[in-house]
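Please look at the sequence and the model first.

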Amino acid sequence: MKKVGIVLLFLIAIFVVTGFLLPKQVHIERSITIERPATMMFEILNSYRHFNEWSPWAKRDPKALFTVSGPESGVGARMSWTGDPQLVGSGWQEIVASKPYEQIDIKLDFDAQGIADTGFKLAAKGDATDITWFFDSDLTEGVNFLDSFLARYFGLLFDRWVGGDYEAGLANLKAYAESLPVSDFSQLEIERVDVAAQRILYVTTNSSQDPADIALAMAAAYGEISEFMNQAGIVMIGQPMAITRAWEEGSYQFDAAIPVDFIPPDLPGNIESGLSPEGPAVRAIHHGSYDQMMPTYTKLTAYISAHGLKQGQVSWEHYITDPASSTQTEMITHVYIMLETPGSAQ
């Protein structure tokens, strides 16, 4: 028995000494290549609007409560959660540093389970992006002596525990991101705006989607409105607009509209009156000819998806420069897409 006791004490001593020799820091990382530009991936990861679309933990506890607060994106954006202690527990995470298209640093707090520094590194790879999701933690920080000792042993299993979740999360992120429209919108001037309605005179017209046909239809509609305005002494108070009503099966239906100072009681021919679209929208500034605007719409749609926004039913264009007095390279058009808001009916 005495020998057994000595051996037991010896083994305990080895266990204790080994425990304190084990590293107190743990580092985990997993990487994946996603076939989307770094601009898109940065916008997806730089906020919590998309998080539960790809998080490996969101479906683990359907009853968990997730709360997003702070700015919509970037430093200060925060998400907290409360759920089953055996499934997702409770805690919070907050973006503490954000370098566009390269890295996002996050502070993570698991309440009683400790804190960590986590985040994402992005590396552009043509039209794709290499994403690295990392996790760093001092397992002994903020815990008592015994827990600090045991945590070093648990650290040996951390890569297996957390690494599997990170692999699943990155796979979900890839599937989600690659389901969104693809475009690099980094060079496009885009702004979120709240648009006020204007009184307009308009003619609803149709054409094919050929730029030459669209130009002829617009010229006829604007000509009819302008002639009436001149006769009635009505003043234009804003740039001409084209409000899209339908773009499908090779046809284009739109309202050629002009903002005006007042609406007379009687309108001739095809001319109608009303209000221009109002509410939250995204606006892109297009430089160049009208027949090259489709890429701008594509990038604007990708921007909306990457920011977790929902597209409304109306889009329109403001023609800022007069094509009669501007070269194609000098032409400026403001392109708007209405955003859907909770409870809105567009």
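## Terms for the pocket lining

In what follows, Ala, Val, Leu, Ile, Met, Phe, Trp, Tyr, Cys and Pro count as nonpolar, Asp, Glu, Lys and Arg as charged, and the others, Gly among them, as polar.

## Second largest pocket

The model is predicted. Its second largest pocket holds about 910 Å³ of space. The lining of this pocket consists of 35 residues, and these divide into 19 nonpolar, 12 polar and 4 charged. Nearest the centre of the pocket lie Ile214, Tyr252, Tyr290, Met293 and Glu317.

Four elements each supply at least two lining residues: the helices α5 (211–232) and α6 (294–306), and the strands β10 (241–248) and β14 (311–319). Of the lining, β14 gives the largest share, with 7 residues.

## Nonpolar cores

In soluble globular proteins, nonpolar side chains tend to be buried together. Here the largest nonpolar core has 49 residues. Met41, Trp54, Phe120, Ile131, Leu173 and Val282 have the most contacts inside this core. Beyond its neighbours within four places in sequence, Trp54 is in contact with Leu45, Phe120, Trp133, Gly169, Asn172, Leu173 and Tyr176.

## Whole protein

The protein has 6 helices and 15 strands. Of its 346 residues, 43% are buried. Among contacts between residues at least 6 apart in sequence, 67% join residues at least 24 apart. The accessible surface is about 18,500 Å², and 56% of this area belongs to carbon and sulfur atoms.

Conventions
Residues are numbered from 1 along each chain as its sequence is written. This is a predicted model: local features need pLDDT of at least 70, side-chain atom pairs count only at pLDDT 80 or more; totals for chains, interfaces and linings use all residues. Side-chain values use heavy atoms; hydrogens and water are left out. On a 1 Å grid over the protein atoms alone, a cavity is a set of points where a 1.4 Å probe fits but cannot get out, and a pocket is an open set with protein on both sides within 12 Å along at least five of seven lines; lining residues have an atom within 4 Å of a point. Grid points are joined across faces, edges and corners, and a volume is the space filled by probe spheres set on the points. A nonpolar core is a set of buried Ala, Val, Leu, Ile, Met, Phe, Trp, Tyr and Cys residues joined through side-chain atoms within 4.5 Å. Buried means under 20% relative accessible area, exposed over 50%, partly exposed in between (1.4 Å probe, protein chains only). Contact means heavy atoms within 4.5 Å. Accessible areas come from the Shrake-Rupley method with a 1.4 Å probe; for residues, only the protein chains shown count as cover.
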